[in-house]
Amino acid sequence: MEFLSLTSLDEVLEKLESFGADAALVAGGTAIRHQLVSGQIKAKAVLHIELIGEAQGISSNGVTRLGALTNLRDIAESVEIVKRFPSVAQAAGKCGGWQTQSVATVGGNVCGAAPNADLLPPLLVQDAEIELTSRARGSRTLALSDFLLDAYKTARAPDEMASAFLMPAPPARSADIYVRIQRRSAMERPIIGVALRLTLDDSLKKVQEVRIAVSGASAVAFRATEAETLLAGQTPSKDALRAAADVIQKRCTFRTDARASASYRAAVLPRAFAHAVSECATAITDISS
Amino acid sequence: MATTESITATVNGRVETFDVSGLECLMDVLRDKLHLSGTKEGCREGECGACTVLLDGKPINSCAYIARAAGGREIETIEGLQDGLSLRIKQALVEASGIQCGYCTPGIVVMLSALLRRIETPDEALIREALSGNVCRCTGYSQIVDAVLRVVQNGAPAA
């Protein structure tokens, strides 16, 4: 196995072109090192990309650009992210301890596509696009929901590197949140993760738009679009939320694992969802009053 | 299959050269090759924080970090933390009974040094958040948090 520490995006793309599917991209390595050591992921070349400045940092020009190699601690503490996309900052700050967050990257969390990846639900509710770059074809952007194919499977071509995530500014009267159901308050992966972005109408009584994404409840995180449609235009009453939660549950294939049973996941999901709606509604009302 | 390579990094202010093989973790290199055994092995999978060291000033779990990736960079371990701030953290842990068996203590001192270098006066919530990746099975954490609050309240940054 070759180990190559690379310092520029050009170098990475060149190596990806020659090694293709035999290359593994490693930034902080907090998740993928275990997968490589255990043989779960096989690679002839390990490309260390942690220090490539071109894919780091957060900038905004209407659309917020989040470099794929930005570490989770920087995201959790970014004034821009905390202010505009709080659910993204919350997820970054809950993923492992600070020791993990110092080197783990948003690109690694997303491209790993684990069933309970923390960053996926909040990025999905922002309608984030992922920017993929290759030497042969330059850059393309893809809706994150189209990028995620299945557990641990994405639409990244072997010669591509995820270079950034793009998030449009949220509309007025909006709030977002990431709710994580977990057995203990730190150093835990979520049993269920729900991200929600709520936009209320002028009256602050009815749902103008809601976006719901769920992780830990299926092979990979997904947007609950049927429930979103059902709630649009409605008053978020107990009955309306119950009906929406039923629709979300139907989309899930709950798993039983060491953390929780399938029936526990099914039972807790509607509560996490209702809590998220209530928190967002309160936040919007507070800001608007 | 594992290839071996010679790596140079600055460890506690000294330039060190050591051999690493495959995806060997930084913790094993520090403990077994550089004999810096203050860095403790706990879970070996980035969960418990006993192996915390600073890489370019940032706290990391050295058990989950590829040693090769540390080439050319700056590493600080518990042995290297002899500055005024670190000494005050250690003293406060003693005074507040923040140490029992002591196994987690090196990782906690390293983590707290990283926190207090960056933020001089963290509140209790932030202290607890910063320590969320350090497991201690003896103290119940309260005495550790008390120790940090002592350092914060007793003022002046690193002498």
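Chain A is divided into domain 1 (2-112 + 128-167) and domain 2 (174-288); domain bounds here come from an automatic or database domain assignment. This is a predicted model, in which local features need pLDDT of at least 70 and side-chain atom pairs count only at pLDDT 80 or more, while totals for chains, interfaces and linings use all residues. Residues are numbered from 1 along each chain as its sequence is written, and chains are lettered from A and ligands numbered from 1 in the order in which they are written.

Consider how the two domains of chain A meet. Their C-alpha centres lie 26 Å apart. Across the boundary, 12 residues of domain 1 of chain A are in contact with 11 residues of domain 2 of chain A. Two residues are in contact if their C-beta atoms, placed from the backbone, lie within 7 Å. On the side of domain 1 of chain A that touches domain 2 of chain A, the elements that give two or more residues are α5 (86-94) and β8 (148-150) of chain A. Such elements are DSSP runs numbered from the N terminus, with helices being H or I of at least four residues and strands being E of at least two. The largest share of that side, five residues, comes from α5(A).

Chain B comes next. Its secondary structure comes to five helices and five strands, which follow one another along the sequence as β-β-α-β-β-β-α-α-α-α. The radius of gyration of chain B is 16 Å, close to the 15 Å that the globule rule gives for 159 residues, so chain B is as compact as a globular protein of that length. The radius is taken over C-alpha atoms, and the globule rule is 2.2 Å times the number of residues to the power 0.38. Along the principal axes, the C-alpha atoms of chain B fill a box of roughly 50 × 30 × 25 Å. Of the 159 residues of chain B, 47% count as buried. A residue is buried if 20 or more other C-beta atoms lie within 10 Å of its own, exposed if 12 or fewer, and partly exposed in between, with C-beta atoms placed from the backbone. Among the contacts in chain B with a separation of 6 or more, 60% are accounted for by residues 24 or more positions apart.

Chain B also has two assigned domains, domain 1 (4-80) and domain 2 (84-153). Their centres, taken over C-alpha atoms, are separated by 21 Å. Here 14 residues of domain 1 of chain B are in contact with 11 residues of domain 2 of chain B. On the domain 1 side, β3 (52-55) and β4 of chain B are the elements that give two or more residues. β3(B) gives the most to this side, with three residues. The side has seven nonpolar, five polar and two charged residues.

Two residues of chain B have a positive phi without being glycine. Phi of R44(B) is near 65 degrees, and R44(B) is found in the loop between α1 (26-33) and β3 of chain B. R44(B) is partly exposed, with 16 other C-beta atoms within 10 Å. S97(B) has a positive phi of about 55 degrees and is found in the loop between α2 (84-95) and α3 of chain B. S97(B) counts as partly exposed, with 14 C-beta neighbours inside 10 Å.

The chains can now be taken together. In the model, 23 residues of chain B are in contact with 22 residues of chain A. Strand β4 (residues 58-61) of chain B gives the most to the side of chain B that touches chain A, with four residues. The residues of that side divide into 10 nonpolar, nine polar and four charged.

A nonpolar core is a set of buried Ala, Val, Leu, Ile, Met, Phe, Trp, Tyr and Cys residues joined through C-beta atoms within 7 Å. Of the 136 residues in the largest nonpolar core, L196(A) and V214(A) touch the most other members. Helix α3 (residues 105-118) of chain B gives the most to this core, with eight residues. Leaving aside neighbours within four places in sequence, V214(A) is in contact with residues including P121(A), I192(A), F222(A) and C252(A).

As for confidence, chain B averages a pLDDT of 94, and 96% of the residues score at least 70; pLDDT is the predictor's confidence in each residue, from 0 to 100. The predictor gives the complex an ipTM of 0.95 and a pTM of 0.96.

Terms used
Nonpolar A, V, L, I, M, F, W, Y, C, P; charged D, E, K, R; others polar.
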